[in-house]
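I wanted to go through the backbone of this model and note where the torsion angles call for a second look. These are my entries, in the order I made them.

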2 protein chains.
Amino acid sequence: MTIKDVAKSCGVSVSTVSRVLNQHPDVSEEVRQRVLDEVERCGYIPNNSARDLVKSRSDAIGVVVRGTGNLFFSAVLKTVSEEIERYGYTMVLHYIGSDADEVKAGAILEREKKLQGLLFLGGRFDYTPSELSVIGIPFVCCSYTNYFGNLDEKDYSSVSIDDYATAYNAVTELIRRGHRRIAAVVPSKDDRSISELRYRGFLAALKDSGLEADESLIEETGGCFEMPDTYEGVCRLLDRTKDFTALFLLSDTTAMAAMKALEDRGRRIPQDVSVIAIDGLNVSEYAIPTLTTMIQPAEEMGRESVRILMNMLKDPSYTGHRLLAAPLREGASVRSI
Amino acid sequence: MTIKDVAKSCGVSVSTVSRVLNQHPDVSEEVRQRVLDEVERCGYIPNNSARDLVKSRSDAIGVVVRGTGNLFFSAVLKTVSEEIERYGYTMVLHYIGSDADEVKAGAILEREKKLQGLLFLGGRFDYTPSELSVIGIPFVCCSYTNYFGNLDEKDYSSVSIDDYATAYNAVTELIRRGHRRIAAVVPSKDDRSISELRYRGFLAALKDSGLEADESLIEETGGCFEMPDTYEGVCRLLDRTKDFTALFLLSDTTAMAAMKALEDRGRRIPQDVSVIAIDGLNVSEYAIPTLTTMIQPAEEMGRESVRILMNMLKDPSYTGHRLLAAPLREGASVRSI
C-alpha cells in the first residue's frame, strides 16, 4: 500500500493526498474527508514506515524553566530555542514556579509530549539517583550542578558557572577595594541550592581574607530571588544596623531592588554603600548607578547545554559537565575605601 | 490488525508494545527492535486509526516572538505558555530579531511543525491580505493591531492595548501636571508600526491641549526599542537642547536607558526632567526613581490571545479583537510644575 494507491482509490493526485496528510489548508473539506476515510480503510502509513512514524513523533526537546520572572533565564532561553531549532528539533517549553518540583514536571512532560531529551533551566542542587529515576531520557541541568546531591557524574550533564567561586570572587573584589564590613542579603543560607552555595562562597571569601562573618550583617529573605522580598530584607537589615560599607546580592534583579531600598532609606551608592552582585544582565547596566556584577555567560550557557544534550541523544553513554567563567563587569556601584 | 496481534506475534505483552510505541525507556533494545520490526512488517497503526494519527501530530501552536530582549514579551510568554498547555496543546516557540519578518517565520514554522494555530508576539501594523496569504491557519496578533494595514477584521484576530490612546493618555498626564515643553525619544516617527502609532498619540495629546510640537524636542533613535540606542538618542537631544521639563518614552526599558542618560548628564529626575513611559514592568518599579508608566496588562493579554485562538480553532469563521485598558502606574519620575 503506497501513497499512489491511496491517490488512485480516491481519484485525486498524489500531491493532494500529501497535502491532506500534512494538513495543508488548500484542500476542500470533501476531498480531505475522502482521503482520510481511504487512509483509514486501507491502513496506509505515511512515509511507508512505521518506524519513521514513531521517530517523527519525537523530535521534541522539553525545556522546563523554573521561576517565571527570572530575567537571566529569559536571556538563556533565547539561545536554547535557537540552538534546538538549529539541530532540527522542536522545543517544548514549560514554565514552573520557582519553588515547584522540576523533576516531576519534566517526567510528566516527557510522557505527555514523548520527549527525546530534557533541559532544566534552574533546579535543585541536591538530586538523589532515586529521585531522578522518573526521568527516562537524557537531560542537562542548565545553570546549576549537583553540588549538594550524590549523583554519579556519568548519570547526568550540567552547564553552569561555578556558583561558589563566583560569589567568592565578587566578595574578594569588595575586599580588594578596601571593604571590611560586608553585608549580604540572600534568599536562604541553607536551601541546599543556589542560594546556599553562593552564600558559602561569600563566607569563604571573608574567611580567606581573615575577616569574620558578622551574623548581624546577614539577612535571609526567604522566597526565590523576588525583588519585593529583597527590598524588604534590605530594609530589615538597615533597621538593625547601618554599620556596613558594602552589600553582596546573589542576582542582578535583587541587587536593583536592594539599591532601591538603600536609596529610599537615604543611603547613597556607592558613597555610603557599595553593591555587587552576580548575573550581568543588560538592564542592570542602566541601573543608577550602573551595577557592578559578575557576568553569567547566558549565550554560552544555552549553547553548551544544547550541544551536550545533542551528544547525549547520539550516544547514550555520553555525559558532559561544563563550568563557565563568570568575569567581573565593572560598574559604578562599588567604590574603593 | 490490532495491538494484541502485534504483541502475540512478538511474544510480548500488550503493555510492552505500548511502551515501545510510546518510547518509554524501560524496554530492552532487543525487544524494542523486535516490536518495531513487527509493527513495520504488518503495517499496524497505533490507535487503530489513521485519522487519530494525523490528529495526534498536530497539537502544536506556534508562538513567534519578535525581539529577543523584550522584557514585556517575556512576561506575556509565561501566561501564553501556561494557557496553551491548559487547553491541551503544545507550544512551539520561535524567536526572531526585532526587524525580522514574522509572517515568513510563521509560515515556515506552520509547515515544518504542522501547526494548528499561530500566535505572533509582536509584529508589523500594516499587513496586507496578499502578504498574509502564506499563513494557512488561524492566527492572533498579540500586542499589536492592523492599524496601518487593510486587513478585513474578519480575516485575523488581535489583542493589544490601544497604543495611540495609551500614548495620548501618558502625555496628557504630563500636561495635567503642568508640563508644556515635552520631549519624546522614539525609535521612529514613521515605521507604520508601534513606534509611529504611539508617536501619533503623543502629537495628538499636545495638539488637543493647544500645545505645538517642537521638532527640536523630538529625537529618533532608529532600531527597535534597544536601550543603547535610546541612551544615545537622549544624549543627542541634550546636546541640542535642555529646554524641556518632561520626556516621553515608548517603553519601560527605553525609559530606564533615558533616565540613565539624563542622570549621567547631570539632569535630575524628576526635579529637572519628568519621565513617563508605557509598559509597567516589575523591574521599572525598582528604577531610581520608580518609573511612572502606563501598565500593559501582560497576563490578560496572553490569556485573551490564547482564548481567541482556541475559539478560532473550534470555529473557522470566528475572529476576535480586544483592546485592553492600560492604566497609569504612579511612580516618582513625574512631578507637578
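Strands, as I use the word here, are DSSP runs of E with at least two residues, and helices are runs of H or I with at least four, numbered from the N terminus. The model is a predicted one.

**Entry 1: serine in chain A.** I looked up A:S143 and placed it in the loop between β4 (139-142) and β5 (157-161) of chain A. Its phi is positive, about 90°, although A:S143 is not a glycine. Is A:S143 buried or exposed? I count A:S143 as buried, because 25 C-beta neighbours lie inside 10 Å and the cut-off for buried is 20 or more.

**Entry 2: arginine in chain A.** A:R192 is not a glycine either, and I read a positive phi near 55° for it. I found A:R192 in the loop that runs between β6 (182-186) and α9 (194-208) of chain A.

**Entry 3: cis peptide bond in chain A.** Which peptide bond of chain A did I note as cis? I noted the one from A:I288 to A:P289, with omega near -5°. A:P289 sits in the loop between β9 (274-279) and β10 (292-295) of chain A.

**Entry 4: cis peptide bond in chain B.** I then turned to B:I288 and B:P289, which are joined by a cis peptide bond with omega about -5°. Where is B:P289? I located B:P289 in the loop between β9 (274-279) and β10 (292-295) of chain B.

Notes
Residues numbered from 1 in each chain as written. Chains lettered and ligands numbered in written order. Predicted model: local features only at pLDDT ≥ 70, side-chain atom pairs only at ≥ 80, totals over all residues. Buried ≥ 20, exposed ≤ 12 C-beta atoms within 10 Å, placed from the backbone.
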